[in-house]
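Please look over the structure shown here.

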Amino acid sequence: MWELEKTPAKDLDKFIENCLLPDTHFRKQIKGAVHIISTFLKEKCFQGAPHPVRVSKVVKGGSSGKGTSLRGRSDADLVVFLNNLRSFQEQLDKRGEFIWEIKRQLEACQREETFEVQFEVRSLRPEKPRALSFLLLHPILYEGVEFDILPAFDVLGQWTNNRPDPQVYVKLIQECQDLGREGEFSTCFTELQRDFLRQRPTKVKSLIRLVKYWYQKCKKQLGKPLPQLYALELLTVYAWEHGSKQTEFSTAQGFQTVLRLVLNYQQLCIYWTKYYNFENPIIGQYLKRQLAKPRPVILDPADPTGNVAAGDPKGWRRLADEARAWLSYPCFKKGDGSPVGFWDMPVRLSASTLSSLPTYLLYSVGHLEEDDEDNRVTCEHRMYQSQDYGWRPLSAGSLSTGMTPPTARKEDDWMCAIL
């Protein structure tokens with residue numbers, strides 16, 4: 001029986017392959033279960049509803065949709081986009097009605113044996129439930145699959161992998177501020193969240209699986225509160241983007257880099273501009289306010305209103321204590337006992353360096369903040385200088401020294417910041 005705590009650094013890839021990657025049978029289970037429930041939602045669920053209901057699409061989210069499922073963990077999120085919901089406000093007000101209708105239809109199918117499945121519906125909150133959770137059982141499935149069904153406002157429409165119209169985010173920001181519900185509507189951007197992770201190289205997704213497995217072990221031992229798992233997934237992507245950017249890399253170094261970022265949680269300020277940026281004045285001003293919030297800040301790359309690192313600070317502190325203990329384990333040591341090392345992560349520029357830079361070199365607006373302890377200025381660390389062949393990054397300080405800095409990428413794909 002493999003134990004991660006005792007696995008040498010050189011065997012981490014084997015550990016992932018043997019213990020974490022879903023096998024073919026598991027993937028077929030999930031695919032079959034998703035097909036069954038998606039067909040039900042699109043074709044049968046709302047036939048007897050009191051008002052006409054049209055399902056524009058059903059999107060698989062969660063770890064199954066992102067391609068980061070762990071072996072033996074059969075769960076799937078299905079977001080049901082309904083044309084009957086025409087605003088974020090309506091999603092908030094009416095999703096409970098649709099959830100109760102889905103529950104009623106599932107139970108009716110169960111009684112009438114419409115198709116060969118069984119549903120074990122979890123209990124719902126009496127008023128305005130956010131999701132319908134149930135266990136699906138079917139003869140083609142080796143074990144039950146847990147589902148969360150979430151009705152959502154189809155704000156993106158037929159999304160074609162392009163950056164959404166900025167007015168989508170203007171509407172989101174304005175309604176979230178009016179309602180006081182920042183991050184409430186991330187389900188509307190499930191396609192963007194899914195593709196942001198699913199497009200990563202296979203080994204990056206394997207590293208995400210390893211970090212998730214580590215997180216689950218911490219959760220089992222520590223209980224709540226802990227940061228959101230999604231925050232750890234994004235932290236892993238950030239570590240790879242700025243520390244390696246290679247399709248082949250040392251898993252042990254990547255794993256240690258993520259744990260060291262967890263140790264530095266009080267300095268984290270990370271965002272991406274793949275789907276939104278500072279160009280629109282309303283979005284730009286909002287992003288500046290978001291990035292000025294107390295650390296840690298990790299903005300959902302699909303939803304600027306969602307700081308997925310927010311929550312009880314005690315959760316990050318407890319996770320950081322666990323990460324510190326893990327750094328002495330065999331999975332971070334070479335065969336001769338020496339450390340495997342970790343990726344170089346630029347973190348800040350000194351005040352003197354900043355003062356010498358012309359303002360036009362600040363390619364993207366970041367958060368500036370005086371640090372009273374060492375009289376340094378912290379800022380968005382990726383700054384660019386114009387050259388004949390484009391833009392090149394100016395060098396910054398880092399978590400460690402003596403390692404090669406990462407190669408710059410196109411701005412529209414990746415811009416993010418860490419304090």
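**Cysteines, a helix and a sheet**

Cys218 counts as buried, because its relative accessibility is 1% (buried means under 20% relative accessible area, exposed over 50% and partly exposed in between, with a 1.4 Å probe and protein chains only). The model is predicted: local features need pLDDT of at least 70, side-chain atom pairs count only at pLDDT 80 or more, and totals for chains, interfaces and linings use all residues. Residues are numbered from 1 along each chain as its sequence is written, and side-chain values use heavy atoms, with hydrogens and water left out.

**Cysteines**

- The structure holds zero disulfides, a disulfide being counted as a pair of cysteine sulfur atoms within 2.5 Å.
- In Cys176, the sulfur has its closest cysteine sulfur in Cys188, at 9.1 Å, which is too far for a bond.
- Cys176 also counts as buried, because its relative accessibility is 0%.

**Helix α8**

- Helix α8 covers residues 229–243; helices (H or I, at least four residues) and strands (E, at least two) are DSSP runs, numbered from the N terminus.
- The 15 residues of α8 should span 21 Å at 1.5 Å a residue, and the end C-alpha atoms are 21 Å apart, which agrees; the expected span is 1.5 Å times one less than the number of residues.
- Of the 15 residues in α8, 14 are buried, so the helix is mostly covered.
- Lys245 follows α8 and has a positive phi, near 65 degrees.

**Thr236 within α8**

- Thr236 lies in α8 and is buried, with a relative accessible area of 0%.
- The Thr236 side chain reaches the backbone oxygen of Leu232 at 2.8 Å.
- Apart from neighbours within four places in sequence, Thr236 is in contact with Leu207, Ile208, Val211 and Val258 (contact means heavy atoms within 4.5 Å).

**Sheet β6-β7-β8**

- Three strands make up an open sheet with mixed pairing, in the order β6-β7-β8; two strands pair if DSSP finds at least two bridges between them.
- β6 (269–270) and β8 (303–307) are the edge strands, each pairing on one side only.
- β6 and β7 (residues 297–300) run parallel and are joined by two bridges.
- Ile270 stands opposite Ile298 in β7.
- α8 lies across β6 and β7 and runs at about 95 degrees to β7; axes are lines fitted to C-alpha atoms, for helices over the stretch in contact, and angles run from 0 to 180 degrees between N-to-C directions.

Note on methods: Polar contact = N/O pair within 3.5 Å; in protein donor to acceptor, adjacent residues only side chain to side chain.
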